[in-house]
Amino acid sequence: MADIVIDHVTKRFANFTAVDDIAMSFADGEVACLLGPSGCGKTTLMRMLSGLETPTSGRILFGGRDVTRLPPRKRNVGMVFQYPVMYPTLSVRENIALPMVYDRQVSTAERERRVEEVLDVLDIRPLADAFIENLSAGNRQKVAVGRAVARQSEIVLFDEPTTNVEVNAKLHLIRAFKLVAQRLKQTIVYVTHDQTEAMTLADRIALMQAGRILQYDKPQVLYNEPTSEFGGWFLGNPGMNFVPAEVAGGKITSPILAAPVPAPAGLKTGGKTTIGIRPEQVRMVGGPQDGSVAATLTEQAIGIAGRYLTKVRIGDTVLKVNTESRPPAPLGGTVHLIAPRERVMLFCDGQRVTV
Amino acid sequence: MAVEFQSITRTYGTKRVLDGFDLEVEPQSFTVLCGASGSGKSVLFRLLVGLEQPDSGRILLNGRDITNEPPAARAIGYVPQNFALYPHQTVAQNMAYPLTLAKTPKAEIAKRVDRTAGILSITHLLNKTPDQLSGGEKQRVAVARGLLKDAEIFVLDDPLVGLDYKLRERLMDELKSLREELKATFLYATSDSLEALNMAQRLVVVDAGRAVQHDSAIAVYDDPRFARSLDLIGFPHANLLPGRIENGQVEAGPLRFKTPAGLRDGGIVAGLRPEAIHFEGSPRGASDDLAIDSRVTLVENLGGEAVVYLEAGSSQLTAALPLSRIAPPEFGAEVRVVVDPADIMLFDAVSGVRLDGGAN
């Protein structure tokens, strides 16, 4: 059993703080994704888990054991990198078996059993005797996954393993990865900048920005209940809209609201307040309705799965709206927007204000 | 400025890269060429800016034949796919270089560099040299340099390829606004269908050196005239199932239904958009719907939508569903999905031409 505890870990390089006092834990047997844009610190955090970097301060515990200063080979973790490191002159089967050959606790029979199991789970049995140099990038990465998980270390770390794999092979890899995670129940930490990959693979996602964890929760919670403007924007194709709002006299007014709504008690005044709403949560209708505001349709396109992706303008405010049906007006025409009360979110200085 | 390509042919050795390419680009449009890599988009652009000559055919700018004019006489802004930055010059100098050559006044250069750098969010990089930049940053500098020119036509060859999704999302918006502001004609190549659909006022499907369909993006999406249009345009990618028409019956993968009127026996490809595959809980259930028993092999979570990969017999199907209305099925689950035969498009197996009537 191995949970991972990150106990107030900071990593500084000269004047730059890559990881800034992170305190969190990954549960045993959980698939956790570290998600964020480049430069957010996710790779540095991963390298500290693997032992390739040492924290400036703080501790890392695997199953209660302090590994902060242990070298990589003493941590008993499997690792898969962007570029798989493999032995080109060995077969797929031999590459998978290799890390176990030097492990005295694994008998020959057990080693063979695990190699066969991994070949099946990853659906690469037909390639078992092929040489690595003859494989596609996607299949090489599958072998790398196989090698990392066959050791049955309690923790496996993945650093953007699908970056250099073409789209179709990527799907196969992600499918194989899901099967491995379900079957072997190892604790997995997976680094990616790809929101879809994180949403698809993770039990929980740790969203990172500027060296900190902004939110750590189930994928659908991150999507539906972002705690920051950054989170609302980063997840979603396209991301959430943020409409300016003003707070005065206990009321909130905003171009997206037909009438002022009561401000929550805790909302400070003087901060930059916005109303967040996802493009697919805005309702667009042809005529005025109760609670609707008028807008001009300025752009229309097709988005994911044939949905209509439009831009509308209310005064100076531009919103993206994503609907299943065709916009009710031509380009340049007037449409009416409804932001359902239960779908709008209030943010102050970038942070969610819950009502 | 109107651009016209007339029967352009270009051959490298035995490979015919452009094969009678015809296209009239509307003045002041954002026109996107979408095709697989190797379909001829980049070569077409190189011909337009004058870096290469066609074997035959003509290129017209506002009716004037420029086929044999030198590049400098064409006044076209160009962002090539493979760009090079001068290593010993700063970002600002790299951007300004084409304007310096054209003897543009210094104050005007500075103004344009600042504005374009702002649009591409590289203002903080202006005094750095290329070796201090990441790959994505270099790419934005190259885009900025191409857009700086005083021109009425801009040619952008896959300028956002490989950039992080969120950066692309923002730059797509910026490039569209920039075109409106400049009132210029933008010709833009990509192999990414979501990018093509998002950006294009006019969309050109390029296949094997020809423009096979040219229309508004929505019209191409709603009514693909060729199997290639359906294949290239749409995300997630459409299902294309090889099959046959025989004895009044269409058979393609798990699909079996009565042949639409007027179609003859022979080999076909059946096309089906992911959003036309419906799950239980969808507002469907007409009597002529086809039911398909399948197994879920992967569910991709896009936040607002899910892409569901299915296995039905020996066929793979891709389906999409809106998460706001329907909960996605479990990984590995057996599910029955339904398809309305009216949503199935039929194409000739050999020519790829659309056989059924299509929309409208």
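The model is predicted: local features need pLDDT of at least 70, side-chain atom pairs count only at pLDDT 80 or more, and totals for chains, interfaces and linings use all residues. Residues are numbered from 1 along each chain as its sequence is written, while chains are lettered from A and ligands numbered from 1 in the order in which they are written.

**Chain A overall**

Chain A has eight helices and 22 strands. Helices (H or I, at least four residues) and strands (E, at least two) are DSSP runs, numbered from the N terminus. Along the principal axes, the C-alpha atoms of chain A fill a box of roughly 75 × 45 × 35 Å. Of its 355 residues, 45% count as buried. A residue is buried if 20 or more other C-beta atoms lie within 10 Å of its own, exposed if 12 or fewer, and partly exposed in between, with C-beta atoms placed from the backbone. Two residues are in contact if their C-beta atoms, placed from the backbone, lie within 7 Å. Among contacts in chain A between residues at least 6 apart in sequence, 65% join residues at least 24 apart.

**The six-stranded sheet**

In chain A, six strands form an open sheet in the order β6-β7-β8-β3-β9-β10, with mixed pairing. Strands count as paired if DSSP finds at least two bridges between them. The edges are taken by β6 (77–80) and β10 (212–217) of chain A; each has a single partner strand, so one side of each is left without a neighbour in the sheet. On average, neighbouring strands of this sheet are turned by 15 degrees against each other, direction ignored. Strands β7 (residues 155–159) and β8 (residues 187–192) of chain A pair in the parallel sense over five bridges. A:Phe158 has A:Tyr190 in β8(A) as its bridge partner.

Helix α4 (residues 137–150) of chain A packs on the sheet, where it touches β6 and β7 of chain A, and its direction makes about 175 degrees with that of β6(A). Axes are lines fitted to C-alpha atoms, for helices over the stretch in contact, and angles run from 0 to 180 degrees between N-to-C directions.

| Helix pair | Angle | Axis distance |
|---|---|---|
| α2(A) and α4(A) | about 30 degrees | 8 Å |
| α3(A) and α4(A) | roughly 140 degrees | within 10 Å |

Angles under 35 degrees count as roughly parallel, over 145 as roughly antiparallel, 65 to 115 as roughly perpendicular and the rest as oblique. Helices α2(A) and α4(A) are therefore roughly parallel to each other, and α2(A) passes α4(A) in a right-handed crossing. A crossing is left-handed if the near helix is turned anticlockwise from the far one by less than a right angle, and right-handed if clockwise. From α2(A), the contact uses A:Val92, A:Asn95, A:Ile96, A:Pro99 and A:Met100, and from α4(A) it uses A:Val143, A:Gly146, A:Arg147 and A:Ala150. These residues divide into six nonpolar, two polar and one charged. Ala, Val, Leu, Ile, Met, Phe, Trp, Tyr, Cys and Pro count as nonpolar, Asp, Glu, Lys and Arg as charged, and the others, Gly among them, as polar.

The angle of roughly 140 degrees between α3(A) and α4(A) makes α3(A) oblique to α4(A). Their crossing is right-handed. Here A:Arg114, A:Val115 and A:Val118 of α3(A) meet A:Gly146, A:Val149 and A:Ala150 of α4(A). By class, the residues of this contact are four nonpolar, one polar and one charged.

**Contact between chains A and B**

On chain A, 26 residues are in contact with 28 residues of chain B. At least two residues of the chain A side come from each of α5 (167–184), α6 (195–201), α7 (219–224) and β17 (293–302) of chain A. Of these, α5(A) gives the most, with four residues. The chain A side has 14 nonpolar, seven polar and five charged residues.

In strand β14 (residues 266–272) of chain B, five of the seven residues are buried, so the strand is largely enclosed by the rest of the structure. Strand β11 (residues 239–246) of chain B runs antiparallel to β14(B) and is joined to it by seven bridges. Strand β20 (residues 345–348) of chain B is also antiparallel to β14(B), with four bridges. B:Val269 of β14(B) stands opposite B:Pro242, and its bridge partner in β20(B) is B:Phe347.

B:Leu101 lies in helix α2 (residues 91–101) of chain B. This residue counts as exposed because it has 9 C-beta neighbours inside 10 Å. The C-alpha atoms of B:Leu101 and B:Gly267 are separated by 58 Å, and the two residues are 166 residues apart along the chain.
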